[in-house]
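I am opening a notebook on a structure that is new to me.

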Amino acid sequence: MKRIPHDPSGEPDPLRALTLDQLRRRTSMKWRTYPADVLPLWVAEMDVPLAEPVVRAVTDALALGDTGYPAGTAYAEALAAFAEKRWGWDDLAVERTAIVPDVMLGIVEMLKLVTGPGDAVIVNSPVYPPFYHFVAHMDRRVVEAPLGADLRIDLDVLEETFRRAVTGGRRAAHLLCSPHNPTGTVHTAEELSAVAALADRHGVRVVVDEIHAPLTAAGAGFVPYLSVPGAENGLSLMSASKAWNLAGLKAALAIAGPAAAADLARLPEEVSHGPSHLGVIAHTAALTDGTAWLDALLTGLDDNRRLLAALLAEHLPDITHRPGEATYLAWLDCRALGLGDDPAEVFLERGRVALNSGIPFGTGGAGHVRLNLATSPEVITEGVRRMAAALN
Ligand SMILES: Cc1ncc(COP(=O)(O)O)c(C=O)c1O
């Protein structure tokens, strides 16, 4: 029998629990977009069984026929307790939260509260592609303030972008990704305070996507944006969906800083009709009773980050890679391989391994690929073998 290592929490590593045969029976996007001979290491779904407390909560609800509309503040209370324990943030006020269908739709609603049609929404490219698509779909203009060469926020570029965005008295928002997808950058308290100060100076509102917050690597400390001084008028989106693999169970939370409470209060009542009651139950159970499972996952992801770095050094030394401080995504600079702007296309066609192309991540994405580490060490090893084989 396969030996499954245990982490100190006593939980088995969920990344080693499922076989490829089991995973290929899944019907979600990761497993159904490409033919069966392609190894999928792309979209942000994890190859894990669900945390047992989540399964129990959802199956109990199904057994009871508890499948109506969501009510109450259990999700927000669970997140507030989790935030205090994990990040020492004791100011997540339940009365300044609202449930939203998911993080992206929550972002759209927050941006509607603080900007109007034609206004600029500033993003730090390269960044999660739906930031571009959802913002364009709502008649706002995406304006890039690219990350620096160190993959961290370039405060000078950000300030200049803020200054231009508000010229002529226009409103503008900064859509901040924290931790940052795809680079895995964890913004420090100093960086976040600097962002808040610049936003305040130029009258830009900050909407922060903190969906990857629980997924930090060993030694990296996530800082909630709303916990830093000067961020009182910020709006945050959080969810259990990335850390516990619950994207199919829709529910997320919008959280207002004290000076944004009046904005959040203008959120139309109908937005609360979007989240699913089963989603709320699943996310609440994850945050309340799923922390031992999360710790086992984080240990497994630390192992996988080390494994990927070693495999790349051995088989693909021309790829430049800075292991992320958070998320389960690895951002690989393949420009030295000479495969052009879209190496993902080459890895797919010649290696039969699906990675995300860097191009849709905006400026800074060409010549890069994003690899999903939330799988078994065997699959990562096979993925790198296929990437290397594509070059032969
Ligand atoms: C930064 C970021 N925001 C949002 C999402 C999507 O979240 P949701 O499914 O809750 O809209 C993802 C998914 O990978 C993500 O990486």
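**Entry 1: the whole chain.** I began with contacts along the chain, where two residues are in contact if their C-beta atoms, placed from the backbone, lie within 7 Å. Residues 24 or more positions apart account for 75% of the protein's contacts that have a separation of 6 or more. I note that this is a predicted model, in which local features need pLDDT of at least 70 and side-chain atom pairs count only at pLDDT 80 or more, while totals for chains, interfaces and linings use all residues. The numbering of residues starts from 1 along each chain as its sequence is written.

I then looked up the secondary structure, which comes to 13 helices and 13 strands; these are DSSP runs numbered from the N terminus, with helices (H or I) of at least four residues and strands (E) of at least two. The radius of gyration is 21 Å, close to the 21 Å that the globule rule gives for 392 residues, so the protein is as compact as a globular protein of that length. That radius is taken over C-alpha atoms, and the globule rule is 2.2 Å times the number of residues to the power 0.38. Along the principal axes, the C-alpha atoms fill a box of roughly 55 × 55 × 35 Å.

I also looked up burial, for which 48% of the 392 residues count as buried. A residue is buried if 20 or more other C-beta atoms lie within 10 Å of its own, exposed if 12 or fewer, and partly exposed in between, with C-beta atoms placed from the backbone.

**Entry 2: two helix pairs.** Two packed helices are described by the angle between their axes and the distance between the axes. The axes are lines fitted to C-alpha atoms, for helices over the stretch in contact, and the angles run from 0 to 180 degrees between N-to-C directions.

The crossing of α7 and α8 is right-handed, a crossing being right-handed if the near helix is turned clockwise from the far one by less than a right angle, and left-handed if anticlockwise. On the α7 side I found Leu155, Leu158, Glu159, Phe162 and Arg163, which meet Ala194, Val195, Leu198, Ala199 and His202 in α8. By class, this contact of α7 with α8 has seven nonpolar, one polar and two charged residues; Ala, Val, Leu, Ile, Met, Phe, Trp, Tyr, Cys and Pro count as nonpolar, Asp, Glu, Lys and Arg as charged, and the others, Gly among them, as polar.

I turned next to helix α12 (residues 343–351) and helix α13 (residues 377–390), which pack at an angle of about 95 degrees with their axes 8 Å apart. α12 and α13 are therefore roughly perpendicular to each other. In α12, Val346, Phe347, Arg350 and Gly351 meet Arg386, Met387, Ala389 and Ala390 in α13. The residues of this contact divide into five nonpolar, one polar and two charged.

Entry 3: Arg352 lies in the loop between α12 and β11 (353–354). I counted Arg352 as partly exposed, with 16 C-beta neighbours inside 10 Å. Leaving aside neighbours within four places in sequence, Arg352 is in contact with Asp37, Val38, Leu39 and Arg386.

**Entry 4: backbone details in loops.** I found a cis peptide bond joining Ser178 and Pro179, with omega about -10 degrees, and another cis peptide bond joining Asn181 and Pro182, with omega about 25 degrees. Pro179 lies in the loop between β5 (172–177) and α8, and Pro182 is found in the loop between β5 and α8.

Is Thr327 buried or exposed? Thr327 counts as buried, with 30 C-beta neighbours inside 10 Å, and its phi is near 70 degrees, a positive value in a residue other than glycine. Asp139, also not a glycine, has a positive phi of about 65 degrees, and Asp139 is exposed, with 12 other C-beta atoms within 10 Å.

How values were computed: Parallel < 35°, antiparallel > 145°, perpendicular 65-115°, else oblique.
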